[in-house]
Amino acid sequence: VFPSLAQAQASVANEVYRELGQPSVFLFCPTGTACSPRCPKWGAPSDWGALGLHPCPKVVSQELSAELLEEVEAVLRRPPVIWDNLYANDYDCRRVFLGPYMGRAPGLMSRLQGLLLNPNCELQANFIPIHTLGTWFGSELGSCAHPERAGMERALGDSQGAQDGSYSPQEALELALRDWVAEINQQALEPGK
C-alpha cells in the first residue's frame with residue numbers, strides 16, 4: 001500500500017495523532033533498521049525524509065555534539081527531542097551496556113525540548129544507565145543555571161567534577177555502583193528474597 005516503511009509509519013502516526021485529538025505533545029519513534037537504502041552522510045534511512053525527520057549520525061550514536069543539534073534544529077525549526085539509544089540492546093540481546101552516560105557535549109539540555117533514554121531490555125541492568133543519566137542531567141541543570149559553565153569540558157580523572165558542578169562519567173559511574181551495591185544489599189535483607 002505504501003512505497004516505503006517511513007511513509008507507512010508517517011501515515012499511522014498521523015492517524016493516531018488525529019484520533020487522539022491532536023495533543024500538544026505527541027512523540028513516536030520510527031524504526032530505522034528495516035528502511036533502505038541508507039543515506040551515506042547520516043547512515044540512516046533515506047526515506048526518513050517522508051517523515052520530515054533529520055536523523056542522527058547513527059541509530060546508536062556514541063557522541064552527540066552541539067553542531068549536530070544545530071543542524072537538526074535548523075531542519076525542524078525547533079529544539080529537538082532526542083530518543084537516545086546509547087544503552088539500547090533490543091537489536092542484540094546478547095549484549096548489555098553498563099557504563100556511564102557519556103559522549104554528550106556539555107550544555108546539550110539547553111538545546112533540547114527533551115531527552116528520552118532507550119534502556120537495556122534487562123530491567124536490572126538499567127540501574128547504572130539511569131543513575132548516571134540522572135547525574136548528567138543534574139550537572140546540565142547546573143550548567144543552565146550557570147551559562148558560564150555550559151562549555152566546560154574536563155578530563156575523566158579530574159576530581160573537580162563534584163565540586164564545580166560539571167559532569168564526570170567516571171565519578172557518575174562510581175556513585176551509581178555504590179548506590180547499586182547498597183540497593184542489592186538492601187534487597188538481600190528483605191524476607192523472601
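Helices (H or I, at least four residues) and strands (E, at least two) are taken here as DSSP runs, numbered from the N terminus. With that convention in place, Q22 can be located: Q22 lies in the loop between α1 and α2.

Residues are numbered from 1 along each chain as its sequence is written, and side-chain values use heavy atoms, with hydrogens and water left out.

The protein chain contains five helices and two strands, and along the sequence they follow the pattern α-α-β-β-α-α-α. I call a residue buried under 20% relative accessible area, exposed over 50%, and partly exposed in between, using a 1.4 Å probe and protein chains only. By that criterion, 36% of the 193 residues in the protein chain are buried. A contact means heavy atoms within 4.5 Å. Of the contacts in the protein chain between residues at least 6 apart in sequence, 59% join residues at least 24 apart.

Next, confidence. The pLDDT is the predictor's confidence in each residue, from 0 to 100. Its mean over the protein chain is 76, with 73% of the residues at 70 or more. Two stretches call for caution. Residues 33–50 have pLDDT below 50, and this stretch has 42 contacts in the model beyond near neighbours in sequence. Residues 146–163 also have pLDDT below 50, with 26 contacts counted in that way. Where pLDDT is low, the predicted coordinates should not be read in detail. Among the elements of the protein chain, helix α4 (residues 161–164) has the lowest mean pLDDT, at 50, whereas helix α5 (residues 169–189) has the highest, at 93.

Let us now turn to helix α1. The expected span of a helix is 1.5 Å times one less than its number of residues. For the 15 residues of α1 (residues 5–19) this gives 21 Å, and the end C-alpha atoms are 21 Å apart, in agreement. Within α1, the buried residues include A6, A10 and A13. An α-helix has 3.6 residues a turn, so residues three or four places apart point the same way.

A polar contact is a pair of N or O atoms within 3.5 Å; within protein, one must be able to donate a hydrogen and the other to accept it, and residues adjacent in sequence count only if both atoms are side-chain atoms. At the start of α1, a side-chain oxygen of S4 comes to within 3.1 Å of the backbone nitrogen of Q7. Elsewhere, the side chain of S168 reaches the backbone nitrogen of E171 at 3.2 Å. S168 sits in the loop between α4 and α5 and is buried, because its relative accessible area is 4%.

What follows α1? Just after the helix, G21 takes a positive phi of about 85°. Q22 has a positive phi of about 55° although Q22 is not a glycine. Q22 counts as partly exposed, because its relative accessibility is 49%. F26 belongs to the loop between α1 and α2 and is partly exposed at 27%. Leaving aside residues up to four places away in sequence, F26 touches A13, V16, Y17 and L20. E63, in the loop between α1 and α2 (66–76), is exposed at 61%. E63 touches G103 and R104, again not counting residues up to four places away in sequence.

As for the strands, two of them pair if DSSP finds at least two bridges between them. β1 and β2 run parallel and are joined by four bridges, and D84 has L117 in β2 as its bridge partner.

Finally, the aromatic rings. Rings of Phe, Tyr and Trp (its six-membered ring) pair if their centres lie within 6.5 Å; planes under 30 degrees apart count as stacked, over 60 as edge-to-face and the rest as tilted. The structure holds three such pairs. One of them joins Y101 and W136 edge-to-face, at 5.1 Å centre to centre and 65° between the planes. This pair links distant parts of the chain, 35 residues apart: Y101 is in the loop between β1 (81–84) and β2 (114–117), and W136 is in helix α3 (residues 127–145). Are these two residues buried or exposed? Y101 is buried at 0% relative accessibility, and W136 is buried at 2%.

How values were computed
Predicted model: local features only at pLDDT ≥ 70, side-chain atom pairs only at ≥ 80, totals over all residues.
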